[in-house]
Amino acid sequence: GSKPLKIVTTIFPEYDWVREILGDKADHAEVTMLLDNGVDLHSYQPTADDIIKISDCDLFIYVGGESDGWVEDALEEATNKDMQVINLLDVLGEQVKEEEVVEGMEAEEEESEDEDEPEYDEHVWLSLKNAQALCVTLADALCAIDPDNKNTYIANAAAYRDKLAALDADYKLSLIHISEPTRHI
């Protein structure tokens, strides 16, 4: 058949979402994850091999924000002009920032002034609501690069959103504790 889809993701949650939305079409895709679990986004530098993978992939997914400064350089090398690029922070836009403001106010109103940067950017995928929004965007991108399987991607994304929506409060709580100090809820 046709050549496999080439999809490059920077971190595991993106990789995981892509696999969920591809579903049984995953056999027809090469999905790469650039950062091994535990590698800090801030210190990551792509290898020459990573740059090559990015340059001719069909879909590239990254977090955005301060930690992904190298991405612009990598994308300038891109040889595939039809590449779809998803920047998670761009997709979520104001939603992320607004959530951070509210959460910050609840926690300590004055203390966080001296932080250089808000911390929201690295934890976008920890919000189930954000994950749902991102999955819709991913499905759209997959439909754009592989219209033949459009219905599958839309159905898988819908099923995955339902699964995310059904995750119970315990799961949400456990995620909050990973990324933030404990607060009384």
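Trainee: Where is the place of Lys53?

Mentor: Lys53 sits in helix 2, residues 48-55. (Helices are DSSP runs of H or I with at least four residues, strands are E runs of at least two, both numbered from the N terminus.) This is a predicted model in which local features need pLDDT of at least 70 and side-chain atom pairs pLDDT 80 or more, while totals for chains, interfaces and linings use all residues. Residues are numbered from 1 along each chain as its sequence is written, and side-chain values use heavy atoms, leaving out hydrogens and water.

Trainee: OK. What does Lys53 touch?

Mentor: Leaving aside residues up to four places away in sequence, Lys53 touches Val8 and Thr32 (contact means heavy atoms within 4.5 Å). Lys53 is also 8.4 Å from Lys6, C-alpha to C-alpha, though the two are 47 residues apart in sequence.

Trainee: And how exposed is Lys53?

Mentor: Lys53 is partly exposed, at 33% relative accessible area. Buried means under 20%, exposed over 50% and partly exposed in between, with a 1.4 Å probe and protein chains only.

Trainee: Zooming out, how many helices and strands are there in the protein chain?

Mentor: Eight helices and four strands. From the N terminus on, the order is β-α-β-α-β-α-β-α-α-α-α-α. Of the 185 residues, 39% count as buried. Among contacts between residues at least 6 apart in sequence, 73% join residues at least 24 apart.

Trainee: Helix packing next. At what angle do helix 1 and helix 6 cross?

Mentor: Roughly 60 degrees, with the axes of helix 1 (residues 12-22) and helix 6 (residues 128-145) coming within 10 Å. Axes are lines fitted to C-alpha atoms, for helices over the stretch in contact, and angles run from 0 to 180 degrees between N-to-C directions. Helix 1 and helix 6 are therefore oblique to each other. (Under 35 degrees is roughly parallel, over 145 roughly antiparallel, 65 to 115 roughly perpendicular, the rest oblique.)

Trainee: Which residues make that contact?

Mentor: Helix 1 brings Trp17, Val18, Ile21 and Leu22, and helix 6 brings Ala131, Leu134, Cys135, Leu138, Ala139 and Leu142. By class that contact has ten nonpolar, no polar and no charged residues. Ala, Val, Leu, Ile, Met, Phe, Trp, Tyr, Cys and Pro count as nonpolar, Asp, Glu, Lys and Arg as charged, and the others, Gly among them, as polar.

Trainee: What about helix 6 and helix 7, parallel or antiparallel?

Mentor: Their axes cross at roughly 175 degrees and come within 9 Å, with helix 7 covering residues 150-166. Helix 6 and helix 7 are therefore roughly antiparallel. Gln132 of helix 6 and Lys150 and Arg161 of helix 7 are among the residues that meet there. By class, the contact has 13 nonpolar, one polar and two charged residues.

Trainee: Switching to rings: how many aromatic pairs does the structure hold?

Mentor: Four. Phe, Tyr and Trp rings (six-membered ring for Trp) pair if their centres lie within 6.5 Å, with planes under 30 degrees apart stacked, over 60 edge-to-face and the rest tilted. Phe12 and Tyr15 form a tilted pair, 6.2 Å centre to centre with 40 degrees between the planes. Both lie in helix 1, three residues apart, about one turn of the helix.

Trainee: Which residues form the aromatic cluster?

Mentor: Tyr44, Phe60, Tyr62 and Trp70.
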